Amino acid sequence: MSFRFGIRFAVPVLAMCMAVQAGFAQTETGGERGSVTNLPIPRFVSLKGSEGNVRRGPSLRHRIDWVFKQRGMPLRVTGEYEHWRQVQDRDGVGGWVHYSLLSGARTAIVDQDLMPLYSRADPESQINAYLEAGVIARIESCGPDWCRLKADGIRGWTTKDTIWGVGPDEEIK
């Protein structure tokens with residue numbers, strides 16, 4: 001009798017584990033899409049509030065491993081399960097966050113200390129400001145090589161290789 005009980009509940013648990021591990025499905029064109037949102041996986045989002053619990057698994061029953069504490073922090077979504085998104089920060093550290101804590105607003109973290117913010121997408125143009133490593137800036141747009149950012153009310157352009165929060169082939173309008 002216990003054998004039947006174990007089989008009956010093992011199938012849904014196995015299916016849930018496979019969904020949690022994968023969190024995405026292949027599309028006909030070969031790109032991965034989230035099984036819940038049908039949005040690209042991986043993709044970038046940002047932390048909506050000033051605090052976000054990062055859990056070991058996709059439910060409130062899972063332990064909180066740490067707390068993100070920076071509003072606007074860019075995160076990479078690597079998986080989906082129901083109302084939960086598996087995310088990673090720029091150091092590759094991750095866990096599960098409830099979708100209500102995330103925003104589609106695009107932000108980036110400055111990787112290079114004293115990164116110049118140019119007035120145009122041209123290294124010969126005037127420098128509007130220098131940003132310290134770790135500054136979080138709003139992404140206004142990105143082309144193939146350059147992104148227009150806004151940080152503390154100052155706008156300007158920088159190359160993609162000086163920030164984290166946008167894919168190398170990604171363009172943002």
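1. Let's start with valine 67, which counts as partly exposed at 32% relative accessibility (buried is under 20% relative accessible area, exposed over 50%, partly exposed in between, with a 1.4 Å probe and protein chains only). Bear in mind that this is a predicted model, where local features need pLDDT of at least 70, side-chain atom pairs count only at pLDDT 80 or more, and totals for chains, interfaces and linings use all residues. Residues are numbered from 1 along each chain as its sequence is written, and side-chain values use heavy atoms, with hydrogens and water left out.

2. Valine 67 sits in strand S5 (strands are DSSP runs of E, at least two residues, numbered from the N terminus). Valine 54 is 13 residues away from valine 67 in sequence, yet their C-alpha atoms are 5.6 Å apart. Leaving aside residues up to four places away in sequence, valine 67 touches Glu51, Gly52 and Asn53 (contact means heavy atoms within 4.5 Å).

3. Now look at serine 59, in the loop between strand S4 (52–55) and strand S5 (64–68). Serine 59 is buried, at 15% relative accessible area. Its side chain makes a polar contact with the side chain of histidine 62 at 2.8 Å and reaches the backbone nitrogen of arginine 61 at 3.2 Å. A polar contact is a pair of N or O atoms within 3.5 Å; within protein, one must be able to donate a hydrogen and the other to accept it, and residues adjacent in sequence count only if both atoms are side-chain atoms.

Methods: Helix = DSSP H or I, 4+ residues; strand = E, 2+ residues; numbered from the N terminus.
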